[in-house]
Amino acid sequence: MGLEKENYETSIIMDEDEFNRSIEPILSKKDKVYAAIPDRDPNDINAHLKVGFDDVIAEPSSNHSFDRVWIGSHAVFELFKYVFYRILTTILAVPMAFIIGIVFGVLSCIHIWVLMPVVRSCLMALPSVQVVWSSLTDIFVTPLFHSMGRCLSSVHVKAMDN
């Protein structure tokens, strides 16, 4: 608020491995060494969920809050996003995995044991149906349209203005 004469650059630097491991204080883990965390989203299915503080809250250059307020709100945002994600996944992960496992199991079973045999049967029967259909077309439809074309070929239409 008021006139700002200097531009301040603020940033919060957190070691992602330490921050993402647990909600215990980071300072208590300094002497522990972790193996590299495997990528749990190798196909970037949830790339749209990689939301940071700057993606949600941004102050234009004409409006700035106090630097400590900005840093504090950034820290609170990251902390609550992290804590609530952990709480909700603790509560919902196993039941949702159970439900989704059932859904995908049923869909796989239907696809493998119902849908694909029906499709394969249709594909096996189609050559015979195609032969019968083309014979019926050649016997009934083709002569009809040839004769209609010959009858209507002598018709001439002229447009006249009154």
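Biologist: How many disulfides does the structure hold?

Modeller: The structure holds 0 disulfides. This is a predicted model, and a disulfide would need a pair of cysteine sulfur atoms within 2.5 Å. As for cysteines, cysteine 109 is called partly exposed because its relative accessibility is 41%, a value between the 20% and 50% limits.

Biologist: And what makes cysteine 151 count as exposed?

Modeller: Exposed means over 50% relative accessible area. Cysteine 151 has 56%, so the word exposed applies.

Biologist: Thanks! Which elements make up the protein, and in what order do they run?

Modeller: The order from the N terminus is α-α-α, with 3 helices and 0 strands in the protein. Helix α1 covers residues 16-21, α2 covers 53-56, and α3 covers residues 67-152.

Biologist: Happy with that. Why is the pair aspartate 44 and lysine 50 called a salt bridge?

Modeller: Their closest N and O atoms are 3.1 Å apart. The cut-off is 4 Å between a side-chain nitrogen of Lys or Arg and a carboxyl oxygen of Asp or Glu, so the pair qualifies. Side chains of opposite charge can pair when their charged atoms come close. The structure holds 2 salt bridges, and this is one of them.

Biologist: Are the two partners, aspartate 44 and lysine 50, exposed or partly exposed?

Modeller: Lysine 50 is exposed, because its relative accessible area of 56% is over 50%. Aspartate 44 has 44% and therefore counts as partly exposed.

Biologist: What else is there to say about the backbone of aspartate 44?

Modeller: Aspartate 44 sits in the loop between α1 and α2, and its phi is positive, about 55°, although it is not a glycine. Most residues other than glycine have a negative phi.

Biologist: What makes glutamate 78 and lysine 81 a salt bridge?

Modeller: The N to O distance is 3.8 Å, and the limit is 4 Å, so this pair is a salt bridge too. Both residues belong to helix α3 and are 3 residues apart, which means that about one helical turn separates them.

Biologist: How do you know whether tryptophan 70 is buried or exposed?

Modeller: Its relative accessible area is 18%, and the limit for buried is under 20%, so tryptophan 70 is buried. Tryptophan 70 lies in helix α3.

Biologist: What share of the protein counts as buried?

Modeller: Of the 162 residues, 6% count as buried. The accessible surface comes to about 15,000 Å², and 67% of it belongs to carbon and sulfur atoms.

Biologist: One last point: what share of the contacts joins residues 24 or more positions apart?

Modeller: Among contacts with a separation of 6 or more, such residues account for 51%.

Conventions: Residues numbered from 1 in each chain as written. Predicted model: local features only at pLDDT ≥ 70, side-chain atom pairs only at ≥ 80, totals over all residues. Heavy atoms only, no water. Buried < 20%, exposed > 50% of the residue type's maximum accessible area, 1.4 Å probe, protein only. Helix = DSSP H or I, 4+ residues; strand = E, 2+ residues; numbered from the N terminus. Contact = heavy atoms within 4.5 Å. Areas by Shrake-Rupley, 256 points an atom, 1.4 Å probe, with all protein chains shown as cover. pLDDT = per-residue confidence, 0-100.
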